[in-house]
Amino acid sequence: MTTHTRTQTHATTRGFVYLIGAGPGDPGLMTVKGRDCLARAQVVLYDYLANDELLRLAPKGAELIYAGKVGGEHNREQHQINELLVEKALAGNVVARLKGGDSFVFGRGGEECEALVAAGIPFEVVPGITAGVGATCYAGIPLTHRGITTSVAFVTGHESPGKASSEIDWEGLSLGSGTVVFYMGIRNLPQITQNLLLHGRPPQTPVALIRWGTRPEQEVLIGTLADIAEKARQASFRAPAITVVGEVVNLRETLRWFDNRPLFGRSVMVTRGADQAGEFTGQLERLGARVYGCPTIRITPPDCHDDLDRAIMELGGFHWIVFTSYNAVQYFFARLSHHGLDTRALRNCRVCAVGPKTAAALATFGVRADLVPADYKAQGVVAAFAEMDITGQRVLFPRGDRAAETIPGELAGMGAQVAAPIAYANETPEEIPAESLRALEERRVDCVTFTSSSTVNNLASILGENRFLHLMEGVQVACIGPVTSKSCRELGLEVHIEPAQYTLDALAAELIGHFAAKRAS
Ligand code: SAH
């Protein structure tokens with residue numbers, strides 16, 4: 001038997017362990033490789049410091065085991081974690097061991113690997129962004145900087161202060177001008193600063209404490225070697241935090257980019273359909289918000305295409321096509337393509353697009369809208385057509401199954417022949433994502449955004465009206481426009497934020513203004 005075969009048997013009968021660095025907190029800071037490995041796991045052992053949102057990336061049905069250690073109180077001893085890893089792997093599982101930051105930086109990943117080696121279990125280690133790199137970056141503090149410092153040290157701050165002889169080279173850390181990052185050092189901060197001062201680091205050396213770095217909860221406290229311990233005591237500054245010592249800390253004043261963003265620390269729920277939420281979510285995240293996705297609408301093809309198909313076959317006979325949404329554009333063109341047709345089939349029609357997003361969607365099919373009404377409500381479309389004479393003209397209005405009758409009704413009233421086939425259907429999902437529900441229940445959501453009446457009504461129907469109202473207590477309600485606001489009020493919700501213009505950009509701007517005013521008061 002060759003070694004080759006033996007290795008293969010190995011892998012199938014003994015399972016496999018991925019040691020994955022989960023990064024410092026922002027779930028986007030795990031590597032692509034880490035994500036791929038996690039997606040293959042049958043068992044996940046995760047830590048206190050690994051953001052549990054990442055658990056969503058594990059396959060459904062994977063066994064999730066909390067191997068947490070909280071602030072020094074070890075719920076499980078390290079040897080128990082090692083044994084559990086070995087046991088789960090020997091049972092033939094693919095095990096993902098998800099650890100905060102990087103496994104090999106104060107993560108005891110080396111010990112876990114030693115246990116795996118001893119048990120003959122194959123493993124792979126996926127590096128992660130360690131807190132010393134991630135949290136400093138999100139605090140706007142470069143670890144090295146030309147002309148300021150040329151070196152950086154990562155040091156444990158966990159060493160027992162009573163220890164007679166230290167294993168830490170205090171002199172080396174104090175005499176140079178290198179940046180020093182202490183992990184697990186908040187409790188020992190008075191001793192740490194004292195040691196650095198005693199060994200010659202100047203008292204005015206700037207120090208930053210960064211707690212829950214890279215997360216919406218990030219807190220930063222700035223001081224000097226002389227006063228930071230007292231400042232931390234006064235502010236009751238607690239773990240988990242790193243302590244950064246060195247002149248680079250001063251760069252935060254200019255380079256701060258994360259915790260000064262207008263929506264930093266705010267949690268905003270986005271209730272649009274999953275396929276449409278992306279852009280708005282991205283926008284809110286860039287403004288610093290923590291976004292909870294909560295799709296209340298699922299867009300699907302309609303049950304029956306007959307009306308739409310008939311309209312498509314007669315496209316040459318229409319004078320106008322009116323698109324009032326991104327979805328209408330996507331589903332109309334999908335159907336056109338289904339029939340082997342493309343944009344050229346529209347050559348005889350003029351095109352009306354409601355709202356810039358709809359116009360942009362049309363542009364991706366090479367269509368420039370002839371008419372983009374200034375007002376993005378149905379009334380705006382009606383007003384724009386009222387200025388023309390459309391008597392006897394044929395107007396096609398591909399729409400969603402829940403669209404109001406305003407546009408076809410009013411245009412028909414002006415003498416047009418209107419066809420309003422259903423191009424797509426709106427479904428209400430049965431539930432909202434568990435994480436979003438939990439955030440609402442735990443009162444962690446500052447604001448819920450509603451971008452159409454359906455988002456309001458659907459959320460109420462998914463949660464049940466009473467529960468909905470209960471969960472929305474104390475939450476700021478942001479609506480894209482008056483129609484949506486009206487739906488909120490009909491359900492008994494107070495509306496706090498509504499932009500003058502009915503766009504997502506305007507809604508985001510209004511959110512900024514609202515929370516800035518709140519902060520100021
Ligand atoms: N392996 C981890 C470190 C584990 S030791 C890593 O590479 O980051 C635990 C210590 O890490 C904490 O006491 C704290 O000092 C630091 N830490 C971890 N995550 C942090 C975060 N998001 N912000 C600040 N400090 C953090």
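User: Taking helices as DSSP runs of H or I with at least four residues, and strands as E runs with at least two, both numbered from the N terminus, in which loop is the place of Arg-443?

Analyst: Happy to start there, with the reminder that this is a predicted model. Arg-443 is not a glycine, yet its phi is positive, about 60°. Its place is the loop between α16 (434-441) and β22 (447-450).

User: Is Arg-443 buried or exposed, or something in between?

Analyst: Buried means under 20% relative accessible area and exposed means over 50%. The relative accessible area of Arg-443 is 41%, so this residue is partly exposed.

User: Which phi does Phe-106 have, as a residue other than glycine?

Analyst: Phe-106 sits in the loop that links β6 (94-99) to α4 (109-119). With 38% relative accessibility, Phe-106 counts as partly exposed. Its phi is positive, near 45°.

User: Where is Pro-240 found, and what is the omega of the peptide bond that joins it to Ala-239?

Analyst: Pro-240 belongs to the loop between α8 (228-234) and β12 (241-245). The bond from Ala-239 to Pro-240 is cis, with an omega of about 0°.

User: How are α14 and α15 oriented to each other, roughly parallel or roughly antiparallel?

Analyst: Let's look at the packing: α14 (residues 378-386) and α15 (residues 406-413) have axes 9 Å apart and an angle of about 20°. Angles under 35 degrees count as roughly parallel. The crossing is right-handed, and the two helices are therefore roughly parallel.

User: How many nonpolar residues are in the contact of α14 with α15?

Analyst: On the α14 side, the contact includes Val-381, Val-382 and Phe-385, and on the α15 side Ile-407 and Leu-411 are among the partners. Two polar residues and one charged residue also take part. The nonpolar count is six.

User: Which strands stand at the edges of the open sheet of four strands?

Analyst: The order is β14-β13-β22-β23, with parallel pairing. The edge strands have a single partner each, so one side of each lacks a neighbour in the sheet. They are β14 (290-293) and β23 (476-479).

User: In β22, which residue is the bridge partner of Met-269?

Analyst: β13 (residues 267-270) pairs with β22 in the parallel sense, over three bridges. Within β22, the partner of Met-269 is Val-448.

User: Which helix lies across β13, β22 and β23?

Analyst: Helix α19 (residues 482-490) lies across β22 and β23, at about 145° to β23. The helix asked for runs at about 155° to β23 and covers residues 504-520. Its name is α20.

Notes. Residues are numbered from 1 along each chain as its sequence is written. This is a predicted model: local features need pLDDT of at least 70, side-chain atom pairs count only at pLDDT 80 or more; totals for chains, interfaces and linings use all residues. Side-chain values use heavy atoms; hydrogens and water are left out. Axes are lines fitted to C-alpha atoms, for helices over the stretch in contact, and angles run from 0 to 180 degrees between N-to-C directions. Angles under 35 degrees count as roughly parallel, over 145 as roughly antiparallel, 65 to 115 as roughly perpendicular and the rest as oblique. A crossing is left-handed if the near helix is turned anticlockwise from the far one by less than a right angle, and right-handed if clockwise. Contact means heavy atoms within 4.5 Å. Ala, Val, Leu, Ile, Met, Phe, Trp, Tyr, Cys and Pro count as nonpolar, Asp, Glu, Lys and Arg as charged, and the others, Gly among them, as polar. Buried means under 20% relative accessible area, exposed over 50%, partly exposed in between (1.4 Å probe, protein chains only). Two strands pair if DSSP finds at least two bridges between them.
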